[in-house]
Structure formats: C-alpha cells, structure tokens
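Notebook open, structure loaded. Time to jot down what I looked up.

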Amino acid sequence: MKRLNELYDIDNDMKIYSIHSDSRYVKPYSIFFCIEGLSVDGHRYVEDAIFQGAKVIVYSKELPYYHEKIIYILVDNTLEELNRVSNIFYDYPSNKMKIIGVTGSSGKTVVASMIKDAMSRYCNTGYIGTISLEYNGRKEECPYTTPETLYLQRKLFEMNRSGVKVVAMEASSHGLALRRVDSVNFSIAVMTNIGAEHLDFHGTREQYVLAKQKLFEMIKHTDWAVLNSDDDAFLRIKQNTQGKILTYGIETNSDVMARNVRLYLDHSEFDLMFKGNTFHVSSPVLAKFNIYNVLALVCVLIAMGCDDSMVLDAVKNVEAVEGRMELIQAKQGFSVIVDYCQHISNYEEIFEFVDRVRQNRGRLIAVLGAPGKRNYKLRKELGEIANKYLDHVILTQLDDRGENVYDICEAIQNEITDINSVIIASRQIAIEQAIELACKDDIILILGKGHEKFISLEVGQADYPGDSTIVKEAIERIYGGN
Ligand SMILES: CC(=O)N[C@H]1[C@@H](OP(=O)(O)OP(=O)(O)OC[C@H]2O[C@@H](n3ccc(=O)[nH]c3=O)[C@H](O)[C@@H]2O)O[C@H](CO)[C@@H](O)[C@@H]1O[C@H](C)C(=O)N[C@@H](C)C(=O)N[C@H](CCC(=O)O)C(=O)O
C-alpha cells in the first residue's frame, strides 16, 4: 500500500492498494494506467476500470468517460509513468538486489540459467525468463521471457522480500522495446549475440539492434557490460555503453577466452584463459555456441567478484537446462538431443555439431517442423540444410496456429531432394517413430520445442507432454528402459 501523495505530487493522501494497466484485473482503491497498445488503446477501458474500483486514472489523451469522484492525472507518456510509479509502489526492488540482464538473439535462457545455478551456490539467486520464474525453491510459469513492468516489479519485490540477493533475468528485444525493463536497475548487462530476428515486430535489423543496445545504454559507469567480442555487433554495443567492459570470445583477443576447443557428443574441453592464467577445463556443455555461453558466465562471475576456483567450479559443473541441447543417451547405443532451436542459424549450428562429433558412425535423424502463420522462409531454409547434413527427416507439427500441418511440412519437404523424409503430423507419434528407427550410434535430433509443454493452435494452446518426456517414455516402452 502507498499513499497517493507518495506517488504523485498532489495534495491527497488516499490509500492506494494496487496499480494496474489492464482493466480486467483492476481492484478497488487502485490506479489505472491507460496504455496505448499495438492492438488496442487502454484509454478505451477507463469506464471498466472505474467500475472495477479504480480511484485514479493516469492518461495521456482525451478520455471517453469522466466521473466526478475520480482523480485524473494527465501525463505525456503513460508507459513511462507506469515504470516510474510501479518502481516506487514496490519500493525500488531492483536497487536492493544485483540484477543481471542477459540479452541476445540466442543463448539468453542458457546463460541466465547458468548464472542462476552458479550463483545459487553462494547466495540466494532468482531467475526470470523463458523457462520460468524461480526463487527460493519456487518455480512459477512466466508469462513472457521478459514480463511486463508491473508484473516484473511485483515479482522483484516478492523476490527481495523473501531474501533473494541476485536475479539473473532475460531481457528480450520485445521487452526492451516495449519498455518492460525501463525501471529495472541492472548491475550487469550481458550480450550473447545479435542476429536479425523478430523483424515482423521491429521492422528493421537496425531497430532490433537498437532494442538490444538499450540494455547497455541503461547501465551506469559503475556497472558491467559483458560483451561477445566475436559478434558483429560488438563494437557498436561497446561504443554505446558507459559500463565497465568485460569481453569474451574464441576468435578475437578478449578478457575471457577459450582456445583449443574440442567438442564431443557429451561434453566439451578447452583452454580457459582469464586474468593472465590458462586452465584446461572439461565442461558438460555441447557445441561451440555453448562454449560462448560458458565464457559469458565466466565474465559474470568475475564481475560478481568470484575467485578463480569458484569460476572453474562453475564451468566444470554447468547444469543442463531443460530442452536446451538436452542429451539423452540410450543404453542401446543411440543418443537423442532435444533443443529449442528457433532460428535457422540455431539449426545449422546443431547440424554442424552433430555432424562433426558423430565421426561418420551412425545416422543423423531429425524430427522437426516449422511454425504456422509466421517466418515462412524458414520452411525452405530448413529443407535446404536438411539435405546438407541429415540422413533422415521426420517432418511434424510445431505450433501450427491453425495452419494445416501437412501444408507446412510439404513446404519443407519440397526442398528435400537428397535424403529420406516422411510427414507424421502428430509430434508425439513422430518422436516415437524416430526412437523406434534408432540404431546403435545414431543421433536423433528433436528440434523446435525444447522445454515447452504446449502446442499453439489457432486459438489458445493444447497441452503437450514435452519432447524429452516423450523421448524417455518411448525408450522405456520400446526398449524396456534406458
Ligand atoms: C508484440 C507484443 O509484445 N505485444 C504486447 C503488447 O500488446 P499490445 O500493444 O497489442 O497491447 P494491447 O492488447 O493493445 O493492450 C493495450 C493496453 O490495453 C489494456 N487492456 C486491453 C484489453 C482490455 O480489455 N483492457 C485493457 O486494459 C492492456 O492491458 C494494455 O495495457 O502489450 C501487451 C500488454 O502489455 C502484451 O501482452 C503483448 O504481448 C504479446 C501478447 C506477446 O505475445 N508478446 C510476445 C511476442 C513477447 O513479448 N515475446 C517476448 C520474447 C520474444 C522472443 O525473444 O522470442 C517476451 O519477452 O516474451
């Protein structure tokens, strides 16, 4: 609870019990912020909000409804106000903890999860991101990778109240562009890599890069910017931050480096170089892109003041993240990798990795599909790279959003000219078929859904057991256990 005059410079000490930006959730004695959205304008819902009990309306343009007993506050930008007021309402939670923001096209979830796991050994650490919201042994579903301002501030407040000291959170380009993190005080900003994704939302790559860049513009000169010096956007981000810079890389000379990288199906080995020392390490992460993620983790631990042994311990004991290069090895001698793969570059990186580590033994079999009603060019691209790397492909559903699954799969199949492919619309049956097909030394890739336990339909979502659950159950049923 706050008094209105603690939030606004007005002569009214009315008790405010909650603040809202969605009229459907407004509670009595609250403030409603009218936010202009991409599809509707929150100013439209003032009457609903008042009916539900809002006593104060924060708005920026002419309203359709006025009531004499309501306090109206006109501002230039209601989203900016929502950020400012929610920060005060929840007692500036991000000032009381160390918040580590991770942005980039790929690797946000893995890096943020690695930071959460590593820091949890030393202090109470929370996580906010694609997979969930986690703190103090609690795990909740997170509505967005980067949740909206109000929700975010409330959760940071709850985390702080329950003793959390460090939060590793993902900062998506949507979250940054839609100002969901404007009032978060980040201590460390991490960049994984910057491609050209979500152009349907951002319009151009320039806008996309600007959204990512914002995280680094937000931090102060006493904070840290952890940057991937092998990435094309490195110099640009470096020039647009006043934070202290820590760099990592494999190709370019950096503060933290991996050299002599050796990739194996179930782990990686490399020389880890930092602070003038070289340590030969073995880490249970798969593929080169995950070595970059480990290097980002090392930079964060250094920025957090961890000593060498804490860093090495974290690198050697990185925990697997559900649905991210998750390796399931069957005792029958074949291996399954489940990965979230979103962009064509992710598919190519995984195909290259498995092609390299299989050493010409066994076949590469993939279960994959393409999303419905978006990113249409992915279908052709998938077909083309399947030809290049795979031996067999099972095409199946992946969030069809009401589009015909066969049409989507056929669009991929039309490009597959050199290898066997089959369409099995049900994702569960497709995965079971792949497990049934598997022989010793084969590598089965189950791609595109990762940790997700739903399939997006035309309206809403259908429950789905999850790729790795289906894999494990199929191994159990077909081969009598793993
Ligand atoms: C493109 C996008 O991100 N859109 C977000 C945006 O939607 P919008 O601008 O269309 O909002 P709107 O529905 O027009 O509503 C405007 C205002 O009116 C209010 N309203 C609306 C209806 C009503 O009855 N009463 C009412 O008060 C709304 O609460 C809101 O404050 O603002 C909404 C409310 O703030 C968000 O829910 C919505 O997220 C949509 C649903 C979404 O799916 N976003 C995804 C793409 C997203 O953010 N993804 C990123 C990760 C991307 C990635 O890296 O893969 C993420 O961080 O999760």
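I call a residue buried if 20 or more other C-beta atoms, placed from the backbone, lie within 10 Å of its own, exposed if 12 or fewer, and partly exposed in between. Strands are DSSP runs of E, at least two residues, numbered from the N terminus. I am working on a predicted model, where local features need pLDDT of at least 70, side-chain atom pairs count only at pLDDT 80 or more, and totals for chains, interfaces and linings use all residues. Numbering runs from 1 along each chain as its sequence is written.

Entry on E23. I checked strand E23 (residues 443-447) and found five of its five residues buried. In a regular strand the side chains alternate between the two faces of the sheet. Here Ile443, Leu445 and Leu447 point one way, Ile444 and Ile446 the other way.

Next, its partners; I count two strands as paired if DSSP finds at least two bridges between them. E19 (residues 335-339) runs parallel to E23 over five bridges, with Val336 bridged to Ile444. E20 (residues 364-368) is also parallel to E23, with four bridges, and there Leu364 partners Ile443.

Entry on another sheet. I traced an open one of four strands, ordered E3-E4-E5-E6 with parallel pairing. E3 (18-20) and E6 (71-74) are at the edges with a single partner strand each, so one side of each lacks a neighbour in the sheet. E5 (residues 54-59) pairs with E6 through four bridges, in the parallel sense, and I found Tyr59 opposite Leu74 of E6.
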